[in-house]
Structures are given as C-alpha cells and as structure tokens.
Amino acid sequence: MALFGLFVVGFLAMVSAVHGYGGGGWVNAHATFYGGGDASGTMGGACGYGNLYSQGYGTNTAALSTALFNNGLSCGSCYEIKCEGDRKWCLPGSIVITATNFCPPNNALPNNNGGWCNPPQHHFDLSQPVFQHIAQYKAGIVPVAYRRVPCRRKGGIRFTINGHSYFNLVLITNVGGAGDVHSVSIKGSRTGWQAMSRNWGQNWQSNSLLNGQSLSFKVTTSDGRTVVSNNAAPAGWSFGQTYSGAQF
C-alpha cells in the first residue's frame with residue numbers, strides 16, 4: 001500500500017512537471033499598470049487579440065516583460081499574481097490575468113528606475129482596473145509574487161480567419177489549459193495536415209489555397225497537449241469570420 005502511495009505521488013509530480021503550470025512555486029517580480037481606468041488603452045497589443053472585451057479577456061490582462069514574453073509565444077498564458085512585501089501599498093488577495101501584450105524595454109533607464117521591463121526583469125504591466133485589486137493606485141509600482149496557472153475559458157477555442165486566398169492568417173484565441181499556443185496545423189477537407197507558421201503574436205499563417213473546403217485545426221500548447229478541432233470552419237467559411245472548435 002505504501003509503495004502504491006509513493007507511485008501515485010511520483011506520478012502526480014511528473015504530470016505537474018510536464019504541464020509546467022498549476023501548483024508551481026511563487027516567483028518574485030514587480031507590477032505597474034497602464035491603459036486608463038477603463039482599460040481602453042490595453043486594446044490591440046502585441047498578441048494580436050484586438051478587442052479584449054469581445055475576445056473574452058476583459059480587463060484581467062497584462063503586458064509581459066521581455067524575459068516573460070518569449071517573443072510572443074507566451075501570449076494567452078495565465079498567471080496568478082499577489083502583491084507582497086509592501087505594507088503601505090499592497091492589498092490582500094490575488095488576481096488571475098492573461099498575457100495579451102508586450103511591455104518593451106527602455107534601455108535608456110536603469111532597471112530599478114523606469115526600465116522596469118528591461119531584461120532580465122520579470123515584470124507585469126497590468127491593466128489599471130486589475131492592478132487596483134491588489135494594490136493602491138498611488139503606488140505606481142509594487143513588488144509581487146506570481147505563478148503560472150491553468151487558463152479557464154468558456155466555450156471552444158476560437159479561430160478568426162483573415163487574409164486572402166493563398167494567405168490564410170488565423171488568429172487563435174480563448175485557449176484553455178496552458179493557454180499559450182506553440183504550434184498549429186490546418187487541414188482542408190481535400191488536403192492532409194499542414195503545419196502553420198506563426199506570423200506574429202497568436203496569428204498563424206498558411207499559404208495554401210483552402211477556399212471552399214471545411215477546415216480542421218490541430219492546436220498544441222506549451223505543455224505538449226494537443227486538441228484537434230475537426231471541421232471547425234464549414235466549407236462556406238469566409239475571411240473576417242470567427243469559428244469555434246474543441247477545447248482543452
């Protein structure tokens with residue numbers, strides 16, 4: 001019985017390590033805010049999500065420093081953040097945010113005085129409304145602790161198809177689990193699976209002619225898990241439209 005217990009504990013530890021999120025240790029960082037009281041200034045951004053309200057991310061979002069952004073591959077990942085070590089400005093409790101933007105470095109300023117997002121700093125530039133859940137507005141910048149957590153989404157993964165014939169640019173949003181997409185394949189009803197290349201943020205491209213075919217998508221996140229959305233877009237799909245698939 002004891003041997004079985006050790007096996008279970010070992011297996012769970014292995015699963016946790018493979019997934020790379022959920023239950024991990026806390027890491028020290030700092031947080032600031034941007035975007036105004038209504039977070040309107042956070043729309044758009046380096047992940048390509050556009051209107052964060054209509055995409056379902058709302059105001060629980062952040063721009064990540066270079067050390068965390070991973071050239072855009074971290075887009076869509078989720079973090080739990082709490083303010084720590086500053087009794088004057090910190091508020092109790094924690095928040096869960098989605099990475100939706102990039103906080104660029106400012107090499108003209110020192111890391112501890114304005115160059116908050118310079119490498120190798122771990123920094124979150126939060127939307128103002130969510131920052132004010134963990135710290136007072138007047139603080140400006142606060143020490144925080146963070147950890148990766150699973151993303152919880154409603155409905156399926158969303159595929160917004162932009163571009164034109166021979167240039168299909170697919171924005172992938174509303175991804176659960178690890179949240180950050182690291183590889184995508186597409187299949188038309190008259191083709192096999194074809195790997196897509198990441199254009200920028202979470203926009204993935206295919207240079208095949210797929211007009212008039214139903215489209216399936218194979219999405220793999222940073223933890224190695226893969227979800228297949230068969231025939232997510234019907235044969236009559238059109239550019240500028242969004243289609244829903246399976247979910248992690």
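Is Y79 buried or exposed, and what is its relative accessible area?

Modeller: Happy to. This is a predicted model, in which local features need pLDDT of at least 70 and side-chain atom pairs count only at pLDDT 80 or more, while totals for chains, interfaces and linings use all residues. Residues are numbered from 1 along each chain as its sequence is written, and side-chain values use heavy atoms, with hydrogens and water left out.

Y79 is buried, with a relative accessible area of 4%; here buried means under 20%, exposed over 50% and partly exposed in between, using a 1.4 Å probe and protein chains only. Setting aside neighbours within four places in sequence, Y79 is in contact with L64, S74, I95, V96, I97, A99, F124, Y146, R147, R148 and V149, where contact means heavy atoms within 4.5 Å.

Next, the core around this residue. In the largest nonpolar core, which has 30 residues, Y79 is one of those that touch the most other members, along with I81, I97, F124, L126, I134 and V142. Such a core is a set of buried Ala, Val, Leu, Ile, Met, Phe, Trp, Tyr and Cys residues joined through side-chain atoms within 4.5 Å. Among the elements giving two or more residues to this core are strand 1 (27–34), strand 3 (78–83), strand 4 (95–102), strand 5 (123–127), helix 3 (128–131) and strand 6. Helices (H or I, at least four residues) and strands (E, at least two) are DSSP runs, numbered from the N terminus. Another core, of 19 residues, lies apart from this one, and V184, L210, F217 and A233 are among its members.

Now for the rings. The structure holds nine aromatic pairs: rings of Phe, Tyr and Trp (its six-membered ring) pair if their centres lie within 6.5 Å, with planes under 30 degrees apart counted as stacked, over 60 as edge-to-face and the rest as tilted. Y79 and F124 have ring centres 5.3 Å apart and planes at 65 degrees, so they form an edge-to-face pair. That pair links distant parts of the chain, with Y79 in strand 3 and F124 in strand 5, 45 residues apart. F124 counts as buried too, at 0% relative accessibility.

Y79 also pairs with Y146: the ring centres are 5.9 Å apart and the planes at 70 degrees, so this pair is edge-to-face. Because Y79 lies in strand 3 and Y146 in strand 6, the pair ties together parts that are 67 residues apart in sequence. Y146 is buried, with a relative accessible area of 6%.

Finally, a charged neighbour. R148 lies over the face of Y79, at 5.7 Å from the ring centre; a charge sits over a ring if NZ of Lys or CZ of Arg is within 6 Å of the ring centre and within 35 degrees of the ring normal. R148 belongs to strand 6 (residues 142–149). The side chain of R148 makes a polar contact with the side chain of D180 (3.5 Å), and a polar atom of the R148 side chain lies 3.1 Å from the backbone oxygen of A178. A polar contact is a pair of N or O atoms within 3.5 Å; within protein, one must be able to donate a hydrogen and the other to accept it, and residues adjacent in sequence count only if both atoms are side-chain atoms.
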